Amino acid sequence: MNPPATAFVGLGANLGDAQASVRAAAVRLGQLPETECLALSRLYRTPAWGLEAQPDFINAVAVLRTTLEPVTLLEHLLAVEREFGRDRSREQRWGPRRLDLDLLLFGDRVLDVPGLQLPHPRLHERAFALVPLLDVAPDAWIPGHGYARDAASGLERSNIQPL
């Protein structure tokens with residue numbers, strides 16, 4: 001068995017009861033094999049990113065303790081998305097979704113394999129992920145970019161509303 005690692009997962013939704021979906025998904029993450037959900041940030045209402053003509057998102061970050069390998073954890077995250085009705089093959093890039101789970105950080109691992117990059121390649125550019133990350137990990141370090149708080153300080157955050 002691998003030693004436990006701390007992973008940070010971004011949760012987002014903007015279809016259906018998005019707040020309920022994000023909260024239920026956090027509970028579901030704690031039920032994954034070899035995984036415990038240690039904390040969930042506050043929920044935030046954030047404007048859509050990329051494709052802006054859609055409902056606002058509800059975003060949060062979960063802190064997981066896991067002995068799973070990163071790729072295996074990602075496979076479980078994708079399975080949870082499907083349980084919540086997401087079909088990645090039929091959706092528009094950056095479009096509306098019932099649930100989006102992004103593996104943001106996995107300890108201090110740097111990884112680039114098909115389907116997974118760690119840290120998440122755009123984490124340092126996305127206030128909707130950094131703000132909830134800082135709720136649960138004020139000293140979070142993004143390998144290759146520095147402290148999450150420094151990355152967040154240069155981004156527009158006035159349109160991110162805690163719920």
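I looked up sequence separation first: of the contacts in the protein chain (heavy atoms within 4.5 Å) between residues at least 6 apart in sequence, 67% join residues at least 24 apart. The model is predicted, so I note that local features need pLDDT of at least 70 and side-chain atom pairs pLDDT 80 or more, while totals for chains, interfaces and linings use all residues. Residues are numbered from 1 along each chain as its sequence is written, and side-chain values use heavy atoms, without hydrogens and water.

Next I went through the secondary structure. I found four helices and 10 strands in the protein chain, where helices are DSSP runs of H or I with at least four residues and strands are runs of E with at least two, numbered from the N terminus. The order from the N terminus is β-α-β-β-β-α-β-β-β-α-β-β-α-β.

Then I checked the overall dimensions. Along the principal axes, the C-alpha atoms fill a box of roughly 45 × 35 × 30 Å. I read that 47% of the 163 residues count as buried, meaning under 20% relative accessible area with a 1.4 Å probe, protein chains only.

Last I looked at Asp100, which lies in strand β5 (residues 100-106). I list Asp100 as buried because its relative accessibility is 13%. Its side chain makes a polar contact with the side chain of Arg86 at 2.6 Å; such a contact is a pair of N or O atoms within 3.5 Å, within protein one able to donate a hydrogen and the other to accept it, and residues adjacent in sequence count only if both atoms are side-chain atoms. Beyond neighbours within four places in sequence, I found Asp100 in contact with Gly10, Leu11, Gly12, Glu81, Arg86 and Arg88.

Note on methods:
Buried < 20%, exposed > 50% of the residue type's maximum accessible area, 1.4 Å probe, protein only.
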